[in-house]
Amino acid sequence: MTDIIILPGIGGSGETHWQTHWECGNPHIRRFQPTSWDQPDLGDWIAALDRMVASARTPPLLVAHSLACLLVAHWQSISSLPVAGAFLVAVPDPTGAAFPAEAASFAPVPEGRLRFPSLIVASTDDPYGEFHYAERRAVQWGSGLVEVGALGHINGSSGLGNWPGGLALFQAFAAGARHVAAEADSAVTP
C-alpha cells in the first residue's frame, strides 16, 4: 500500500475538514507537522515535508490543500526524494487580495513542470484563487485539472464532510499514479 501524506494549509485543517476525515479513516495516511500552522514559514514547511517523505516506506502520494499546494511546488524544485504523485486541492493565488499576509514567503510560486504526476482540483467560486488561476497553474505544472463546481475554498467551511466526490477523484488519481510508477519500474528493470 502506498503511503499518503496529508498537507493542510494555514490552520492545519480542523475537525470538519475533509483532510481530517480522510486521515481518521485510513491508517496509511499521516499528516505533516510544520512548526506553526498559523505562522507559516516556507523553509520550515519544506523541511517538515522533506522529513515526512524521507520517512515513508514507499514513494508517497501527497494530498495538499490550499497553501500546501504552493509548498509542493517549492519543495519538489529543491528535493530529489521520490513521490508517487500530488493531489492539489484549492490552489491559492498569492497575488490575490485574499491571500494571507503571513504566507508571503510562499511567493513567488515556481512555474516549472512538477516532476511527478499531479492533479489540481478547483472550485469555480474559490475566494483564494479564481478558476483561471488554477487553469494557468495546471498548464505550468503539467497537472491535470478537475473543476468541481461552486464549493468555495473546498475546506471545512464548504460543509463537505468526508467529501465522497473528492475521495473518488483521489482514488482514481492514486490508481493512475500507481500505474505510471509500475510502468516506470518495468522500463528500468531488464
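## Helix H4 and its buried face

The buried residues of H4 (residues 131–141) are Tyr133, Ala134, Arg137, Ala138, Gln140 and Trp141; buried denotes under 20% relative accessible area with a 1.4 Å probe, protein chains only. Viewed down the axis of H4, these buried residues fall within an arc of 165°, so they line one face of the helix; the arc is that of the directions from the helix axis to the C-beta atoms. An α-helix has 3.6 residues a turn, so residues three or four places apart point the same way.

The buried residues of H4 pack against helix H3 (67–78), S4, S5 and S6, contact being heavy atoms within 4.5 Å.

## Basis of the model

This is a predicted model, in which local features need pLDDT of at least 70 and side-chain atom pairs count only at pLDDT 80 or more, while totals for chains, interfaces and linings use all residues. Residues are numbered from 1 along each chain as its sequence is written, and side-chain values use heavy atoms, with hydrogens and water left out.

Strand S5 (residues 118–122) has 5 of its 5 residues buried. Ser118, Ile120 and Ala122 lie on one side, and Leu119 and Val121 on the other. Helices (H or I, at least four residues) and strands (E, at least two) are DSSP runs, numbered from the N terminus.

S4 (residues 85–89) runs parallel to S5, joined by 4 bridges, and leucine 88 stands opposite isoleucine 120. S6 (residues 144–147) is likewise parallel to S5, with 4 bridges; glycine 144 is the bridge partner of leucine 119.

Note on methods: Buried means under 20% relative accessible area, exposed over 50%, partly exposed in between (1.4 Å probe, protein chains only). Two strands pair if DSSP finds at least two bridges between them. A crossover is right-handed if, with the strands pointing away from the viewer, the path from the first strand over the helix to the second runs clockwise.
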